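Please consider the following protein chain, its sequence and its three-dimensional model together. The text after them is meant to be read with both in view.

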Amino acid sequence: MSRTRLQHDVVWPGLRKDSRECRKIGGRGDACSLWQGDDELSNADGFWETFRRLLAYVVGARNERGDCNFEANKLTDLYVEVIQAACGSRWVWALTYASAVEALVKLLGLEGRARTDMDAKALMELTQAVDAFNAYIDAWEGDPRPKEPAKQATSRLLRTSSVQALRKLVADGSVAKDEFHAWDRLRNRVMHGSLVSPYSTTEEDKLLLDLSRLFHSLTRRLLQDVDPDL
């Protein structure tokens, strides 16, 4: 791996980030850092294990053809974005982290897969309902323009959405409830033009910090499946 690639993919996003370069939210300047917590200075084994898995993830990345990926890694690219966003306004912070969370859900391969939050009977009933609705739309003789959008929207019910994927991760303990709540509350607001207050409040600071923690929780979930010995 070249020195430039290593700096971009491992050292630059890294596990720690100089707090002077990041906006402080709720008194915290290290929210863009993956490695943080009460034991961040004492848990040397945890630090090096996380670093080892991150490095293995970067080195093991493959492109669409299955060849070694010599482009910037998607995960560390996301960290570059949130680090840069942490130097901007609170709205930019919220917007970038909310988008980065959805990007990580996709990297985990959870979005778009068949629903796993329903038992077989419930999923079969939903599938039958979707098929019946789409058949009704096909037979409808009115203006054809709403047909395909209506069928596509209904068919998405059979696939896992980002919110459903995150709820499942909450259920299995990979994500904290407060972290999901922050994303669920802020995501639609900031994605559709509602500004986050530029002024610090205890409530909004907690939402922004929980949103950043969700991003890191998803990163740890991604690295959890990496075998650093391969």
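This is a predicted model: local features need pLDDT of at least 70, side-chain atom pairs count only at pLDDT 80 or more; totals for chains, interfaces and linings use all residues.

Residues are numbered from 1 along each chain as its sequence is written, and side-chain values use heavy atoms, with hydrogens and water left out.

The secondary structure of the protein chain consists of nine helices and zero strands; helices (H or I, at least four residues) and strands (E, at least two) are DSSP runs numbered from the N terminus. Along the sequence the pattern is α-α-α-α-α-α-α-α-α. Of the 230 residues, 39% count as buried, where buried means under 20% relative accessible area, exposed over 50%, and partly exposed in between (1.4 Å probe, protein chains only). The accessible surface of the chain comes to about 13,300 Å², and 53% of it belongs to carbon and sulfur atoms; such areas come from the Shrake-Rupley method with a 1.4 Å probe, and for residues only the protein chains shown count as cover. Among contacts (heavy atoms within 4.5 Å) between residues at least 6 apart in sequence, 71% join residues at least 24 apart.

Two packed helices are described by the angle between their axes and the distance between the axes. Axes are lines fitted to C-alpha atoms, for helices over the stretch in contact, and angles run from 0 to 180 degrees between N-to-C directions. Helix 3 (residues 74–85) packs against helix 4 (residues 90–107) at an angle of about 170°, with the axes 9 Å apart. Helix 3 is therefore roughly antiparallel to helix 4; angles under 35 degrees count as roughly parallel, over 145 as roughly antiparallel, 65 to 115 as roughly perpendicular and the rest as oblique. Helix 3 contributes K74, L75, L78, E81, V82 and A85 to the contact, and helix 4 contributes V92, W93, T96, Y97, A100, A103, L104 and L107. By class, the contact of helix 3 with helix 4 has eleven nonpolar, one polar and two charged residues. Here Ala, Val, Leu, Ile, Met, Phe, Trp, Tyr, Cys and Pro count as nonpolar, Asp, Glu, Lys and Arg as charged, and the others, Gly among them, as polar.

Helix 5 (residues 120–139) and helix 6 (residues 147–155) pack at an angle of about 180°, with their axes 10 Å apart, and these two helices are therefore roughly antiparallel. From helix 5, V130, F133, N134, I137 and D138 meet K147, A150, K151, T154 and S155 of helix 6. The residues of this contact divide into four nonpolar, three polar and three charged. N134 is buried, with a relative accessible area of 11%. Leaving aside neighbours within four places in sequence, N134 is in contact with K151, T154 and S155.

Which side chain makes a polar contact with the side chain of E125? E125, also in helix 5, is partly exposed at 42% relative accessibility, and its side-chain partner is K121, at 2.6 Å. A polar contact is a pair of N or O atoms within 3.5 Å; within protein, one must be able to donate a hydrogen and the other to accept it, and residues adjacent in sequence count only if both atoms are side-chain atoms. D205, in helix 9 (residues 202–224), is buried at 7% relative accessibility. The side chain of D205 makes polar contacts with the side chains of R90 (2.9 Å) and S200 (2.5 Å).
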